Amino acid sequence: MYTQAMDVGPREERKAVRSTAEAELEARFDARIDDGGLIEAKDWMPDHYRKTLVRQISQHAHSEIVGMLPEGNWATRAPTLKRKAILLAKIQDEGGHGLYLYAAAETLGTSRDQLLDALHSGKAKYSSIFNYSTLSWADIGVIGWLVDGAAIMNQVPLTRCSYAPYARAMVRICREESFHQRQGYDSLLVMMQKGTDAQKAMVQDAVNRWWWPSLMMFGPPDSESTHSATSMRWGIKRIGNDDLRQKFIDATAQQAQVLGVSLPDPLLKWNEARGHYDFGPIDWSEFWRVVGGHGPCNAERLAARVKAWDDGAWVRDAALAHARKQSTQKEAA
Ligand SMILES: [Fe+2]
Ligand SMILES: [Fe+2]
């Protein structure tokens, strides 16, 4: 649509016309971003902005639906009816988040089938945190507290993202994520305050295993993050990885004290001068190993996801057949 000016003159001339026209459009786009304006689906945007958003929003959508898998494994083993109802509602919320986000990605011109193909063929990434095992019921509480907690820290700034359909989807998602964080913390609090010694030990063991991977959820340090600077320039990302990670540590260290668990970092210490907690070095080799497909559950998660897609084929076929029948009946009426 925005390349209409190309339809004149010989090839070189067309190229020049396009460059000028695009340069103008890009200048207008940049000015709008600088003014804090929002970009809607039909607005002109640079190709790189579009591609960055499709990559980020689809990775986010994939993370929501892959994140349902480790929790789904515990739905039949929840200790009480109340905890089972909460867990089922949370898993359903995550499915909904995936749907809002796939819909937001589709507004950028990539179909849901293409996005899911990329996930199922292993080309697309999702959050590495979901490639870790959930070994006990305490892991489900810790996922709510730490994983959903880290997700909220990451995602609240996205409600101010420059791409409006993504920002709007994030408003609702963040509201639901805060319930996820609280239900996780609440279930751990019950185990720590009223549980047996074995249950308390189970919580501590889960915290020990999830703490470092949770810190890795904020991504590599800004100095090594390839996408960060451009995303900040375009208002897709509002706060850097290091600042978000620090914010998360500061909030969580205090929650851990109330909970009565220790965090597995001997260097974690309040620094009065900085007004923040200091913390020990993160093992980024583990992060890159898991991102590269060699985490404890990468193959298992992808296989479970592909199986769910294949097993659900008859549901999609039936829904499409029903929709066709409805529209035929409407036309006939
Ligand atoms: Fe979610
Ligand atoms: Fe969540």
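R209 is partly exposed, with a relative accessible area of 25%. Here buried means under 20% relative accessible area, exposed over 50%, and partly exposed in between, with a 1.4 Å probe and protein chains only. R209 forms a salt bridge with D139, with 2.8 Å between the closest N and O atoms. This is a predicted model: local features need pLDDT of at least 70, side-chain atom pairs count only at pLDDT 80 or more, and totals for chains, interfaces and linings use all residues. Residues are numbered from 1 along each chain as its sequence is written, chains are lettered from A and ligands numbered from 1 in the order in which they are written, and side-chain values use heavy atoms, with hydrogens and water left out.

**Salt bridges**

- The structure holds 16 salt bridges. Each is a side-chain nitrogen of Lys or Arg within 4 Å of a carboxyl oxygen of Asp or Glu.
- D139 and R209 pair at 2.8 Å. The two link distant parts of the chain: D139 sits in helix α5 and R209 in helix α7 (residues 197-216), 70 residues apart. Helices are DSSP runs (H or I, at least four residues), numbered from the N terminus.
- D139 is buried, at 0% relative accessible area.
- E40 and R168 form another salt bridge, with the closest N and O atoms 2.9 Å apart. E40 is in the loop between α1 (11-34) and α2, R168 is in helix α6, and 128 residues separate them.
- E40 is partly exposed at 29%. R168 is partly exposed at 49%.
- K90 and D148 meet in a salt bridge, 3.0 Å from N to O. K90 lies in helix α3 and D148 in helix α5, so the pair ties together parts 58 residues apart in sequence.
- K90 is buried at 3%, and D148 is buried at 4%.
- A network of salt bridges links E71, K90, E94 and D148.

**Iron site**

- Which residues coordinate the iron ion (ligand 2)? The donors come from E94 (OE), D148 (OD), E177 (OE) and H180 (ND1), at 1.9 to 2.2 Å.
- Donors are N, O and S atoms within 2.8 Å of the metal (3.2 Å for Na, K and Ca); water is not among the atoms, so sites may look incomplete.
- The four donor atoms around the iron ion (ligand 2) subtend angles of 87 to 159°, which makes the arrangement irregular.
- Along the chain, the donors of the iron ion (ligand 2) follow the spacing E-x53-D-x28-E-x2-H.
- D148 lies in helix α5 (residues 137-155) and H180 in helix α6 (residues 164-194), so the pair ties together parts 32 residues apart in sequence.
- H180 is buried, at 2% relative accessibility.
- E94 bridges the iron ion (ligand 2) and the iron ion (ligand 1), which lie 3.4 Å apart.

**Helix α4**

- Helix α4 (residues 112-120) has L115, L116, L119 and H120 buried. Seen down the axis of α4, its buried residues fall within an arc of 130°, so they line one face of the helix. The arc is that of the directions from the helix axis to the C-beta atoms.
- Exposed D113 and D117 are on the face of α4 turned away from its buried side.
- Cover for the buried residues of α4 includes α2 (47-72), α3 (81-106) and α11 (298-311).
- G122 follows α4, with a positive phi near 85°.

**N298 in helix α11**

- N298 is found in helix α11. N298 is buried, at 11% relative accessible area.
- The N298 side chain reaches the backbone oxygen of V290 at 3.0 Å.
- Leaving aside neighbours within four places in sequence, N298 is in contact (heavy atoms within 4.5 Å) with Y126, N131, V290 and G293.

Notes. Tetrahedral: all angles 85-135°; square planar, octahedral: opposite > 155°, others 65-115°. Polar contact = N/O pair within 3.5 Å; in protein donor to acceptor, adjacent residues only side chain to side chain.
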